[in-house]
Structures are given as structure tokens and as C-alpha cells.
Amino acid sequence: MERIAIRNARVLTLHGVGVRRGTAMRELGVIERGFVACGKGRVARVGAGEPEGSWDRVIDADGCVCMPALVDAHAHLCWGGDRWAEWERIRTGVPYPQILADGGGILSTVRATRAASREQLAEGVTRRLRAMAALGVGATDAKSGYGLEPESEARMLRAIGDAAAASPVLVRRTFLGGHAIPPEDAGWPERLALEVIPTFAREFPDVAVDAFCERSALGVDACRAILRAARAAGLAARLHTDQFTAMGGAEMAIAEGARTVDHLEAATPETVRAVGGSDAIAVILPCSGYALDGRYAPARALVDAGAAVAIGSNANPGSAPTVDLRFAMHLAVRHAGLGCAEAIVAATVNAAHAIGAEDEVGMLAPGMRANLVVLDDRDERSLVHAFGGPPPRLVMLGGRVLQG
Ligand code: NIG
């Protein structure tokens, strides 16, 4: 593998200890006129001035920003079928939770996903990972959740694993068995907690476990049992909560030691305070507000309350049909009250913590995976300000230059 040094860059190291909250969410660790040197797929050195030593290739960044590749804190990358007809219904005013309650939405994707082979699912994940990499995303969450029975859920997790093994993007899998209750199996949430999670923990010991706490999906008690089963099996817990209804899901997840609480568009001031005083990372997903109903998580209030905020694309075939994490960052600033630097922290180092990959990605420091981008600009605010491009001038993942 080539030993590559990038010189003459405005380097954002994002270097620091732990997940960022409060004013630390604005600290980018800037080195003016700096370099990043990489070898064996890892960052070897970062500093000011010139990269002394011999390198196979030295790239002049021309003063442009060099920063960690982005990290997507929440993404559903594996599914079959499409939801275009449903989108047209949503545009006529039918609410998204109503479509799910009518047996559509997530459940319509479940039908198509159950009918897809492992190879077909893996092919879809591969395409989405490729599109993410081109946008400068170097690590991501990838959830199951459209199987809702053991065999299909396992097939999704295996397909994600297949695609991840062949991709330069670092993937962390999430078992979202509690995404909805399938109409033919009202006992699914209970079975999930009692039988499926303990069994899956053996074949998929790397996964986080997730559920969707919502009136039209799973209730608080069912989600509590799922999160408890996850923790008992030694797995990290996450929860989709407070998207449409504040039902106490976030507070419950915090009490159960969940790593993240995701969505929060409907979070009340009390919930914001509870999240702010907890260790749970608040993962905001502004592409859903954009695609569905114009509601956004109160990210400003969350940061001001002391929460560590991360951003996800929420890529999925229904509520967020995009893999564009940059657009999510733009929306987080435009509609949810984050500053540009906060959005960058939320989509790099804090997102790395959200997916459990903080030892690998999210900052530029010796020993970290050589996942970086060189922007087509000398000011990082361009990354958040300009939606729809331009793509990074250079994307390096695992020490290999993909574009540039
Ligand atoms: O995070 N809200 C629940 N799950 C996804 C949507 C999935 C879908 O619509 O297919 C979300 O928004």
C-alpha cells in the first residue's frame, strides 16, 4: 500500500478525548499549513509544516481543508423494493405514521425485503456504500429491520457483512429487529427479547440492538425489554424515539444505559434536559424532517443542555431517501440550530462514538484509520453551506485514494 502524505492543508484533526459536548462541540483542532502522513492504511503523523521523510506520493492540498472522512451515525442501508407510490400519498397529506398503521411504510419494505436474496440485498448495500464513499463518508451505521422474523433479519445482517467486507467504508451493523410489529406475529417483540437477541448475540456479537418506540410501532415496555435483553447479551443498545410522539422512550432508554437516542423531533423540553444530563448520544436525523413534515430535532437546545449530538443521514427507502450526510449536516444548521463547527463534530467524532467506532475513525491522529477528505475549499464552512456538491477534491479510505 502506498505511503501518502498530504501537505499544504488546513488540517482539522478533531483530536481530543471522548465524545464532545458543550463548547467542545465547536473545537475542530485546526492546524494551519499542516500535513497528514499515512502508511499501512493508518494515519502515521499529523502536524504543522512539511511532512519530513520519504513518501511514495506527496499531494499538495493547495491550502484546502483536510479533515476526517465523515461518519454516518444512523443509516438503514439494506432493503428490497421501493416506496415511490407511498411517497405520492404522503405528498397528498397522509401522515407517515398513518401509512405504517395501514400496513404500508416499513411493513411494505418488509414484504419486499423478505422476498429478496442475500445476494440481492448485498448488492443494494454495496451500491449505497459506494455512493456514500464518493460523498466523503468513510464509516457508517447499517441497520437491519425490514425482516421482522429471525431468518430475514439474519439474512439482512449477513448481506450487510458481505457488502462491508468488500467496501472501503467501515461499517458497524445494527440489529433493528424491533422496527415494527409484523401483522402476522403480535408476539414478535416479546420473542425478540426472550429468544432472538440472545441467539443473535452469538452469531453477530458485533451488532448494536435497536427498536422503534412509537405509537404505530413498539411501546415503551416492549422497547425496554428489548434494550434489557441487548444489555444482558453484552450488546450496545440504541433507540428510535420521540420521532412523532413523546412517550417517555428517551427517558427509558437513558435509564437502560442506551448508547444513543435517535430522532427526537418530538422531544419536549423535559426530554431535552434528560438527554442533556445523560451519557446517551442524541442522534439527530434532519433528512426525515425534510422529506416528511418539516419537523426537526431541537439540536440547539440539546447542545445547550449538555448533550453530545451526532448526525445521521437516516438513509432508508421511506422517511429519508438519501445517503447524503452532507445534506443532513446542512439541514442541522439550517433548521435545527447547530453551528457549522458543531455539525462537523456531530458528523465525525461524535458519530464515531454513536456507532462504536471511536477508536478507528472520526479524528486524524496517529494510529487512526487513514480515512480523510480534502475539500474543494479552504474554509470548512463550505462543506456545510453548499448542499448538492461539490464533492471532496480527494477521498482516502483505509489509506487508499478513491478519488482525487
Ligand atoms: O428512522 N422511524 C423509523 N425508521 C426509519 C424509517 C424507516 C422507513 O420509513 O422505512 C427512520 O426514520
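**Note on the domains and the ligand site**

1. The protein chain is assigned two domains, domain 1 (4–68 + 362–403) and domain 2 (71–354), with bounds from an automatic or database domain assignment. Their centres, taken over C-alpha atoms, are 28 Å apart. Domain 1 gives 34 residues to the contact and domain 2 gives 37 residues, where contact means heavy atoms within 4.5 Å.

2. This is a predicted model, in which local features need pLDDT of at least 70, side-chain atom pairs count only at pLDDT 80 or more, and totals for chains, interfaces and linings use all residues. Residues are numbered from 1 along each chain as its sequence is written, and side-chain values use heavy atoms, with hydrogens and water left out.

3. There are 16 residues around the ligand, of which Arg83, Tyr96, Tyr146, His179 and Ser319 come nearest (a residue is near if one of its heavy atoms lies within 4 Å).

4. For tyrosine 96, the distance to a ligand oxygen atom is 2.5 Å. Serine 319 lies 2.7 Å from an oxygen atom of the ligand, and histidine 179 lies 2.7 Å from a nitrogen atom of the ligand.

5. The protein covers 100% of the 330 Å² of accessible area that the ligand has on its own (Shrake-Rupley method, 1.4 Å probe).

Note on methods
A polar contact is a pair of N or O atoms within 3.5 Å; within protein, one must be able to donate a hydrogen and the other to accept it, and residues adjacent in sequence count only if both atoms are side-chain atoms.
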